[in-house]
Amino acid sequence: MTNYRILHRIVLINIANNKYADVEMNGNTCFVGTNNYGKTSLQRAILFFYSANSRGLGISQSQKPFEEHYFRYENSYIVYEVSTEEGNFFVLVYRHNKLNFRFVDSPYDPDFFFNEQDEALKFNEVLKKLEKRGVYFSNQIDTFERYRNVLYGT
């Protein structure tokens with residue numbers, strides 16, 4: 001049996017100028033829309049998923065670095081839902097001084113990230129919700145190399 005991992009969905013929460021974007025990556029995906037509505041942010045999020053490197057994302061030196069521009073708030077997240085032969089899990093990317101990753105053994109659920117008023121939760125509140133529901137999440141991963149090793153199984 002083949003061990004596959006397919007990027008199934010990308011969710012941006014408080015990333016750059018996007019309060020919320022949820023895109024399923026089934027088949028072909030075309031980004032069309034008005035300027036400043038997140039097309040480039042989604043493209044960079046896809047590249048970042050595969051490379052886990054904020055340098056080769058087409059950001060010029062005159063612009064703010066990826067981490068500063070996209071993760072402005074303490075409740076800014078990129079969520080990558082990944083499909084495998086065993087089910088779905090998601091990778092949570094957040095900023096705590098620098099970019100960090102956590103692997104979460106569950107499909108993406110917006111309820112993990114928002115309160116009753118649809119406000120994005122702070123990171124510690126997200127972890128508390130996951131714990132309360134008995135959802136396993138990895139320790140904090142703070143290097144691109146460790147992230148790639150876990151994601152690709154090396």
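**Starting from Ala 45**

Guide: Let's start at Ala 45, which has its place in helix 1. Helices here are DSSP runs of H or I with at least four residues, strands are runs of E with at least two, and both are numbered from the N terminus. Before going on: this is a predicted model, where local features need pLDDT of at least 70, side-chain atom pairs count only at pLDDT 80 or more, and totals for chains, interfaces and linings use all residues. Residues are numbered from 1 along each chain as its sequence is written, and side-chain values use heavy atoms, with hydrogens and water left out.

Visitor: Is Ala 45 buried or exposed?

Guide: Buried means under 20% relative accessible area, exposed over 50%, and partly exposed in between, using a 1.4 Å probe and protein chains only. Ala 45 has a relative accessible area of 1%, so it counts as buried. Across the protein chain, 45% of the 154 residues are buried.

Visitor: Which residues is Ala 45 in contact with, leaving aside its neighbours within four places in sequence?

Guide: Contact means heavy atoms within 4.5 Å. Ala 45 touches Ile 10, Leu 12, Ile 78 and Tyr 80. Take Tyr 80: 35 residues separate Ala 45 from it in sequence, but the C-alpha to C-alpha distance is 9.0 Å.

Visitor: How should I read the sheet, and what is its strand order?

Guide: Strands of a sheet pair through backbone hydrogen bonds, either parallel or antiparallel. Two strands count as paired if DSSP finds at least two bridges between them. Here you have an open sheet of 5 strands, ordered 2-1-3-4-5, with antiparallel pairing. Strand 2 (18–24) and strand 5 (98–104) are the edges, each pairing on one side only. From one strand to the next, the twist averages 20°. Helix 1 (residues 39–51) packs on this sheet, touching strand 1 (5–15), strand 2, strand 3, strand 4 and strand 5, and its direction makes about 130° with that of strand 1. Such angles run from 0 to 180 degrees between N-to-C directions, and axes are lines fitted to C-alpha atoms, for helices over the stretch in contact.

Visitor: How many bridges join strand 3 to strand 4?

Guide: 7 bridges do, between residues 77–84 and residues 87–96, running antiparallel. A hairpin of 2 residues links strand 3 to strand 4. Ser 83 faces Asn 88 in strand 4, and Ile 78 faces Val 93 there. Strand 1 and strand 3 also pair in the antiparallel sense, over 8 bridges, with Arg 5 partnered by Thr 84 in strand 3.

Visitor: Which way do the residues of strand 3 point?

Guide: In a regular strand the side chains alternate between the two faces of the sheet. In strand 3, Tyr 77, Val 79, Glu 81 and Ser 83 point one way and Ile 78, Tyr 80, Val 82 and Thr 84 the other, all of them buried. With 8 of its 8 residues buried, strand 3 is therefore largely enclosed by the rest of the structure.

Visitor: At what angle do helix 1 and helix 4 pack?

Guide: Two packed helices are described by the angle between their axes and the distance between the axes. Helix 1 and helix 4 (residues 144–152) pack at about 80°, axes 9 Å apart. They are therefore roughly perpendicular (65 to 115 degrees; under 35 is roughly parallel, over 145 roughly antiparallel, the rest oblique). Helix 1 contributes Phe 48, Phe 49, Tyr 50 and Ser 51, and helix 4 contributes Phe 144, Tyr 147, Arg 148, Leu 151 and Tyr 152.
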